Amino acid sequence: MTTVTKDVVIIGGGHNGLVAATYLAKAGKSVVILEANDEIGGATASVRAFPEFDAHLSRYSYLVALLPDQIVSDLGLNFVTVPRTVSSYTPDLNGAGLYISRQWDQATADSFASIPDGVEDAVAWQQFYGEVAMFAERIAPYMLQPLKSRSELKAAIDLPDIWDYLIETPIGQIISTRFKSDLVKGVVLTDALIGTHASADDLLANICFLYHLIGNGTGEWKVPKGGMGALVIELERVARAAGVEIRTNSKVTAISSNSDSVTATVANGDQFVASHLLANAAPQVLAELRNKPKPASLSGAQFKVNMLLKKMPRLKSGISPELAFAGTFHISEKFSQLETSYQESKAGKLPSCFPSEMYCHTLSDPSILSPELQAAGYQTLTLFGLHTPAELFDANNEATRATALAGFIAELDKYLVDPVSEIIARNSDGSPCIEAKSPLDLEEAISLPRGNIFHSDLTFPFREDGDTRRWGVETDDPRIFICGAGAQRGGGVSGIPGHNAAMAVLGK
């Protein structure tokens, strides 16, 4: 057993831990990252999910919106994202569909006009998202500043009417007031539900909606060139260049502290002593390591599917698949379908219509495929299923996972000319190149409590009046901070809690 002394110990080598470590090392602190797995990256890692095929998929997280340009600049990251010209496409079983460009254009206007109530909803859409964009532009800079109170932030943003419907009023009520089409209302609602098991009438949905729309003041979700793994590689480069020590296969088993220091003990008995400890792990994991009561949190509720296809599927609506899958492809996500699915899953049943959404990384960035696969026309598809809480999988994870996978694929097939089974790539033994992850699988693989991709419940990016926390990363121990998604202003691939935890250590 050996004892290592550092200024700061960071538990977990995910992107937030790497961000925090680099800021601290650049400020002159000695830093060590302790990563339990044999590779860093956590949820942002890219893997060769199907060993017989040279395709490196972003397995758990896919797109980048919340990573502030300031962090990229501060750390000197050579990291490229690819903008998507298509925002979304939502097919309907009647053979029609709604196409929406990233920037409003004639094709989008024509698509709205082709659906019932679409002409009125097109006007409402532009007004609503114009207001949201104004709000996003004003709130984004505060994500990397000390927490303001609710009243301070409301006054600083100075958009009281928009504040009211984004922060104070359930988002479902606003959507139903502003829009008429069930399909259009569903497209708006999806941003309030990704990874969140909530009704449209729950303010938790407002928080999720806000986080999806405020990234960099634009809310634009971009494709990481080279996959999420490219971000990890670049973060590791700048961390090591700054002097950060990174130790893999170093699972922390206990944390203790006193008035002078914090000690992290790893599985082999080695101890790392530091002035401060940052946890790039869920608050529940941190509590267990400290032998403290675990905080309560909602379960994760998403079902993730990665697949490799021999070609893009044709759609019954007739739209080009290169357009339909270039943005977010919504599957059975009308407002009514989403609310019904929530109620069904809350009652302990898998949703009857299996709402989900997909995106195709390779249409924007084919570099994750080998030249041979690119030339042959192969594509990746990632499916993100909604309203499948961990409780549904507790009795028999394997059997329920298989049932859910079959349900999500069958729901997708309803909109396709080419069923997934006919275009899926297959291994030499005939097995399909498709992998599915339930919330319980996510907990097992990357220590997400009950599969919650946000580590714990999302919170609004302000403190309540009377709360004295400065950065939203504090714990009950002044030497221990949370630098992962479970911090205030955590969640998503952002690096924000990593930055804020580093600032807390530095006394900013």
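Predicted model: local features only at pLDDT ≥ 70, side-chain atom pairs only at ≥ 80, totals over all residues.

A: Thr169 is found in the loop that joins helix H6 (160-168) to helix H7 (171-178). With a relative accessible area of 16%, Thr169 is buried, because the limit for that class is under 20%. Apart from its neighbours within four places in sequence, Thr169 contacts Asp164, Ile174, Leu203 and Asn206.

The open sheet has 7 strands, arranged in the order E7-E6-E14-E15-E16-E13-E17, with mixed pairing. Strand E7 (97-101) and strand E17 (434-437) are the edge strands, each pairing on one side only. From one strand to the next, the twist averages 15 degrees. Within the sheet, strand E15 (residues 356-359) pairs with strand E16 (residues 379-385) in the antiparallel sense, over 4 bridges. Tyr359 has Thr382 in E16 as its bridge partner.

Helix H8 (residues 182-190) packs on this sheet and touches strand E6 (86-91), E7, strand E14 (328-331) and E15. The direction of H8 makes about 45 degrees with that of E7. H8 also meets helix H13 (residues 335-346): their axes come within 6 Å and cross at roughly 55 degrees. H8 is therefore oblique to H13. On the H8 side, the contact is made by Asp182, Lys185, Gly186, Leu189 and Thr190, and on the H13 side by Phe335, Ser336 and Leu338. By class, 3 nonpolar, 3 polar and 2 charged residues take part in the contact of H8 with H13.

The structure holds 20 salt bridges. In one of them, the side chains of Lys334 and Asp92 meet at 3.3 Å, N to O. Lys334 lies in the loop between E14 and H13, and Asp92 in the loop between E6 and E7, so this pair ties together parts that are 242 residues apart in sequence. Lys334 counts as partly exposed at 25% relative accessibility, whereas Asp92 is buried at 18%.

Another salt bridge joins the side chains of Glu234 and Arg237 at 2.5 Å, N to O. Both residues lie in helix H10 (residues 228-241), 3 residues apart, about one turn of the helix. Glu234 is buried, with a relative accessible area of 8%, while Arg237 is partly exposed at 43%. The side chains of Glu288 and Lys294 form a salt bridge at 3.4 Å, N to O. Glu288 is exposed at 51% relative accessible area, and Lys294 is exposed at 52%. Finally, a network of salt bridges links Lys6, Glu245 and Arg247.

Methods. Residues numbered from 1 in each chain as written. Heavy atoms only, no water. Helix = DSSP H or I, 4+ residues; strand = E, 2+ residues; numbered from the N terminus. Buried < 20%, exposed > 50% of the residue type's maximum accessible area, 1.4 Å probe, protein only. Contact = heavy atoms within 4.5 Å. Pairing = 2+ DSSP bridges. Axes fitted to C-alpha atoms, helices over the stretch in contact; angles between N-to-C directions. Parallel < 35°, antiparallel > 145°, perpendicular 65-115°, else oblique. Nonpolar A, V, L, I, M, F, W, Y, C, P; charged D, E, K, R; others polar. Salt bridge = Lys/Arg side-chain N within 4 Å of Asp/Glu carboxyl O.
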